[in-house]
Amino acid sequence: MSFVDYGDTIKDGDTAIVFLGHESMFPVKVQHGSKTQTKYGVIRHSSDLIGKRYGSKVTCSKGGWVFILHPTPELWTMNLPHRTQILYSTDISLITMMLELKPGSIVCESGTGSGSLSHAIIRTVAPTGHLYTVEFHQQRAEKAKEEFQEHKVEHLVTVKNQDVCKNGFGVSNVADAVFLDIPSPWEAIGHAKSALKIEGGRICSFSPCIEQVQRTCLAMEEHGFTEINTLEILLRVYNVRTISLQIPDLGKAAEDNSSTGFDSSNQSNQGGLYGILQQGTAQFKSGVPLKEMVGHTGYLTFATKSLF
Amino acid sequence: MEESAKPGLRIREGDCAVLKRDEVFKAVLVLRRRKVIFEKQWFYLDNAIGHIYGTTFEVSSGGSLQPKKKMEETTTETKEAGTDNRNIVDDGKSQKLTHDDIKALKDKGIKGQEIIQQLIENSTTFRGKTEFAQDKYIKKKKKKYEAVITIVKPSTRILSTMYYAREPGKINHLRYDTLAQMLTLGNIRAGNKMIVMETCAGLVLGAIMERMGGYGSVIQMYPGGGPVRAATSCFGFPESFFNTLYEFPLSKVDSLVSGTFSSETLPSEPEYNVPVEEESNGSLDEKQSLIQETEEESSTEAVMESNETEEQETMDLAAEDTEYKESKEKGNKENIREKQRKQQERRRKLVETAALLEEKNADGLIVASRFHPTPLLLSLLEFVAPSRPFVVYCQYKEPLLECYTKLREKGGVINLKLSETWLRNYQVLPDRSHPKLMMSGGGGYILSGITVTVEKVQSDASSLEAQKNEEPASKKRKLKEFNC
């Protein structure tokens, strides 16, 4: 397996995702002799994982079972250990498309953080592209390097431990796209411009606060970026539920037909509207929104560097 | 030399380029001496050829494009401005220049900048406006009178934005951020073997091909006679990308799943379904060679006008042609052989594609069509390997509710999620930052999930599985903090 290539069977050294049920999963490093505890019992790597096909059901010692999934950057994003607040697939999707990333793209990113976006970028630019990622926190930079190695993508990424606002990305005029997720992105716009190819490229800055966005947009304009555009994207999830609503008892209608009422003689007509009508309830399928949803992650500002 | 090292950097004849003016896009074929209309302006693209993509042009008299130099913003000396609009009356009489006056200025060839200056000087209310209002006024006039056009290179970002704005009906109202979600959730990347079923003019196919970079393979399922790839040709992919693009008729899917597939009857195509009739006509050969050319060129010709028109022409010509098929024996024999050769080639490819599908090891499935998604998913998922993502787009939510239910019953999928994205644009200006007035009301819905191995289990075990995958009961609806 690898994060940039599908494999069929689980191998020693792989990172696999253990899926226990709805919204419940975690990553596991597959190793000969290792054991993993789950609420359904123990999973013995050597006998239960290695050699099995990805997507298989694995029975644990207590009798319950799980599915073992092939890792993808999206699954990784949902399960990675957080060292910082991370970007989720909703924002990542839009960033990937708006920065026009594809195989062969050269991308500069700062800060690396927990590597959520990094993994997604690496997946998209493989096999011929490259990610230059800058992180000013030494331990985080180290951890990111380790993870890229474990995930067998180190050949596609270069991690630099420095301050992008002071020292830039460490490369000049090579990038097709630059991504900034730092406290003061306006201080890095100049460096971003020089990291981008001479003939042009795309830039994106992610900031939670509108004040940061204002300063960044101004800096972009001053440095000659065009097509400056700020937007935000939010995900709305729906739970699919079969809902039963009770039909109210409005009593019986009088003998004459003057009263219009939801009486029993009309119930069969109502059945057509609401599907199965049983015992004074109306049943229907609904996509029900969650009680709470993420209302804000950050503002995404995109712009273009061009020769003109 | 430099150009060959960086293919696609410069505008070339034959390219599909996208014209951009502010937020408006239009895809055009770059051809010499071909008049183009865009945003109420007529011009020729001849002068654009050779320039780098991203260059901005002005339309000068005669309809020729002139590259526009990046002008220094005129340093705004502190102009006179008011504080609020309490005394500004909008009676429609504040502008002293009439329509004819302005037209006269335009006819004289006066530059947009000058016209705007004239409008400002002849406006009685301009001085009384606040600085912000003056700014807004100037921006509005610039938009109208300073017509600059940028020629940009097509990409998923640009084409999906363009289609959503211009022809959303052609793409089932798939908004560009929804498309972005599909590409990421589907883990579209180089090396995959993808199955795609779309009726979005080939936009989704093109987006997938762009993210695969020519690596891996794509099998496009199509309804009716053939796949529509009008938008795909706008991307400007190199020929090599199409070597690993396959197509397969939906009408044959059932037979493939049930194991009764035969390549004998291809779906009705113009060359096949019209019976041969004996007639004589001298103009026959010309028509036949025309068809040959159209067929070969149609793959390279990038068109904004739909592919369907071309197919229609080909069909019309073919219909006429086969009527006169037997008339000139000498020329005909060659043409018949050519037709047979092509038929055999098509059959060969179909068998090859069927074999690819029968391996049942595709790395993912993307569906985005006008058809009800449930039957498509239930059958096409058969060809996907376990532990692979799939994404279905639908303009409406209800069919996806049904799809979700049927998938649960069928089993073999986990992590089902029904979602939509909400997109909002912002105006960011000093002291004037706020979301924009209008936003998209809806961009469609997505159902995504991951395949797992299907086991031949007893019904009670599979219901246990369904329970495990069940959403938590409504009472226990926990706060899912980062459920993005």
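Chain A puts 85 residues into the contact with chain B, and chain B puts in 74, contact being heavy atoms within 4.5 Å. This is a predicted model, so local features need pLDDT of at least 70 and side-chain atom pairs count only at pLDDT 80 or more, whereas totals for chains, interfaces and linings use all residues. Residues are numbered from 1 along each chain as its sequence is written, chains are lettered from A in the order in which they are written, and side-chain values use heavy atoms, with hydrogens and water left out.

Between them, chain A and chain B bury about 7,200 Å², 59% of it on carbon and sulfur atoms (accessible area, 1.4 Å probe, lost on putting the two parts together and summed over both). Chains A and B share 5 salt bridges (a side-chain nitrogen of Lys or Arg within 4 Å of a carboxyl oxygen of Asp or Glu). B:Arg157 makes a salt bridge with A:Glu227, with the closest N and O atoms 3.1 Å apart.

As for who does the touching, strand β12 (residues 226–246) of chain A supplies the largest share of that chain's side, 14 residues; strands (E, at least two residues) are DSSP runs, numbered from the N terminus. β12(A) also pairs with strand β13 (residues 413–427) of chain B, antiparallel and over 9 bridges, where pairing takes at least two DSSP bridges. Within this pairing, A:Tyr238 sits opposite B:Leu418 of β13(B).

Elsewhere in chain A, helix α3 (residues 89–98) is mostly covered, with 10 of its 10 residues buried, that is, under 20% relative accessible area (1.4 Å probe, protein chains only). Helices here are DSSP runs of H or I, at least four residues long. Just after α3(A), A:Glu100 takes a positive phi of about 60°.

Notes
Buried means under 20% relative accessible area, exposed over 50%, partly exposed in between (1.4 Å probe, protein chains only).
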